[in-house]
Amino acid sequence: MKLTLLVFGILVFTCYPTLSQQVTNPMITCSLRPNSGGIEQCKLEQENAMFGDAEAEEVVNWILSPIGLPANFLLVPCPNIKNALASFNDGIRYIIYDHNFMSRLDSSITDWASTSVLAHEIGHHLCGHSLKKSANNAEQREKELEADEFSGFVLSKLGASLDQATATISALEAEVASSNSSHPDRSERISSIEKGYNRGKINLNPVNIDYSSSAEEFFNKGINLYEGNKYQEALDMYTVAIGLKPDFANAYNNRGLVKSALEDYSGAVGDLSRAIQLNPDDADFYFNRGSLKDELQDYSGAIVDYSRAILLKPDYAEAFNNRGFSKDELQDYSGAIADYSRALQLKPDNAEVYLLNRGLAKQALQDLSGACMDYSKSCYLGNSVACNQYNINCQ
């Protein structure tokens with residue numbers, strides 16, 4: 001028994017064929033930089049089927065959440081290549097990237113930069129660009145513009161401002177205007193991003209809303225609607241708040257809770273991850289994402305989030321309790337008992353819940369005497385479930 005949730009890069013790309021060392025089929029690769037180094041290393045990383053980190057996977061899920069598609073890409077980290085690639089080989093769609101390079105884009109341009117890069121790469125895959133080599137440079141330039149438009153569309157849906165959606169491409173040092181180039185010039189790319197961004201805004205903002213209100217006012221309306229179980233209306237309020245204030249971390253957090261209530265779990269994880277990205281020092285954000293991961297039965301991931309919440313807020317009794325629940329599900333009963341006991345020390349006024357949970361873990365370790373003692377105390381404090389457990393196991 002656990003507690004509930006708490007309420008409160010798109011640069012220059014080109015596609016060209018390379019040959020894998022272990023397969024005979026040609027691999028079409030869309031890379032961040034034309035003729036850049038590191039392609040052989042990327043091929044080796046791809047062939048070894050190395051998987052991406054959890055953060056990148058969450059960003060990909062978030063990017064896909066507005067269009068409702070599953071993330072059927074294999075993420076492959078390839079360090080020190082200063083690049084990102086989309087490739088297709090032997091029926092598998094790969095996204096290969098340099099994690100440190102993407103992080104530097106976020107810190108030097110905008111924290112939306114790596115999201116825009118991944119959105120562009122996903123756009124290449126969804127448009128089928130990685131399936132066939134371009135016949136000429138003109139065709140390749142059209143592919144790049146289509147991927148740019150998709151990136152703009154997605155960033156619009158996710159709540160980025162237009163400046164944030166175009167910031168990465170705007171940071172390029174120079175235009176590329178040659179008719180012999182495989183790349184459109186910067187102004188064409190920005191126009192395509194804007195086109196996609198404006199398309200994403202269609203039907204994004206609900207009708208019959210007075211948009212003269214501040215982001216904070218919409219946020220507060222969202223809270224009231226959420227507490228009244230009017231989830232779709234609350235979602236609309238938080239979406240408008242984010243549109244008015246794209247760095248509104250609390251609005252992303254609360255919208256994630258609403259999406260969870262609406263069973264849009266990938267969208268919920270994406271919004272909670274965005275809240276954490278905007279404010280990585282808020283323990284409640286990690287607690288909420290951990291609670292959602294529990295619902296998705298990602299207990300190991302939940303433990304990581306609860307542990308981060310506890311690190312930020314050492315007296316977080318609810319996080320200790322929920323981490324105990326996750327450990328329970330992974331059959332780490334001793335660890336669960338330790339967490340429930342710590343929660344009990346920190347917040348004895350919620351003892352009936354913590355004692356019940358600890359009793360269940362003790363019973364799993366066949367410590368029936370200790371379990372019955374906890375059930376008895378919890379029952380005395382008014383927990384009917386504990387009373388039932390005591391009657392069944394301890395009479």
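Tutor: Let's start with a word we will need all the way through: a residue is called buried when its relative accessible area is under 20%, exposed when that area is over 50%, and partly exposed in between. Please keep in mind as well that this is a predicted model.

Student: Happy to. How many residues of the chain count as buried, as a percentage?

Tutor: Of the 395 residues, 54% fall in the buried class. The chain exposes about 17,400 Å², and carbon and sulfur atoms supply 50% of that area.

Student: And how many helices and strands does the chain have?

Tutor: There are 18 helices and five strands.

Student: Now the charged side chains. What is the general idea there?

Tutor: Side chains of opposite charge can pair when their charged atoms come close. In this chain, the count comes to 16 salt bridges.

Student: Which residue makes a salt bridge with R289?

Tutor: E58 does, with 3.0 Å from N to O. R289 belongs to helix α12 (residues 283-295) and E58 to helix α2 (residues 54-64), so this pair ties together parts that are 231 residues apart in sequence.

Student: Is R289 buried or exposed?

Tutor: R289 has 10% relative accessibility, so it counts as buried. E58 has 13%, which means that E58 is buried too.

Student: Which other residue forms a salt bridge with E58?

Tutor: Look at K293, whose closest N and O atoms with E58 are 3.3 Å apart. This pair also links distant parts of the chain, with E58 in helix α2 and K293 in helix α12, 235 residues apart. Like E58, K293 is buried.

Student: Which residues are linked in a network of salt bridges?

Tutor: The network links E58, R289, K293 and D305.

Student: Could you show me one more pair? What is the distance between the closest N and O atoms of D374 and K362?

Tutor: Those atoms are 3.2 Å apart, and the two residues form a salt bridge. D374 lies in helix α17 (residues 368-380) and K362 in helix α16 (residues 351-364), so here the parts tied together are twelve residues apart in sequence. Both D374 and K362 are buried.

Student: Let's turn to cysteines. How many disulfides does the structure hold?

Tutor: Two. In one of them, C372 and C394 are joined, with their sulfur atoms 2.0 Å apart. The torsion about that S-S bond is about -95°, so the disulfide is left-handed. The pair links distant parts of the chain: C372 is in helix α17, while C394 is in the segment after α18 (384-393), 22 residues away. Both C372 and C394 are buried.

Student: Which cysteine is joined to C379?

Tutor: C387, again with 2.0 Å from S to S. Here the torsion is about 95°, so the disulfide of C379 and C387 is right-handed. C379 has 26% relative accessibility and therefore counts as partly exposed.

Student: What about C78, buried or exposed?

Tutor: C78 is buried, at 0% relative accessibility. C127, by contrast, is partly exposed, with a relative accessible area of 38%.

Student: Last topic, the surface. Which residues make a nonpolar patch?

Tutor: I67, L69 and L126 make one of about 210 Å². I67 sits in the loop between α2 and β3 (74-77). With 30% relative accessibility, I67 counts as partly exposed.

Terms used
Residues are numbered from 1 along each chain as its sequence is written. This is a predicted model: local features need pLDDT of at least 70, side-chain atom pairs count only at pLDDT 80 or more; totals for chains, interfaces and linings use all residues. Side-chain values use heavy atoms; hydrogens and water are left out. Helices (H or I, at least four residues) and strands (E, at least two) are DSSP runs, numbered from the N terminus. Buried means under 20% relative accessible area, exposed over 50%, partly exposed in between (1.4 Å probe, protein chains only). Accessible areas come from the Shrake-Rupley method with a 1.4 Å probe; for residues, only the protein chains shown count as cover. A salt bridge is a side-chain nitrogen of Lys or Arg within 4 Å of a carboxyl oxygen of Asp or Glu. Patches are made of residues with over 30% relative accessible area and no salt bridge: like charges are joined within 9 Å, nonpolar side chains (Val, Leu, Ile, Met, Phe, Trp, Tyr) within 5 Å. A disulfide is a pair of cysteine sulfur atoms within 2.5 Å.
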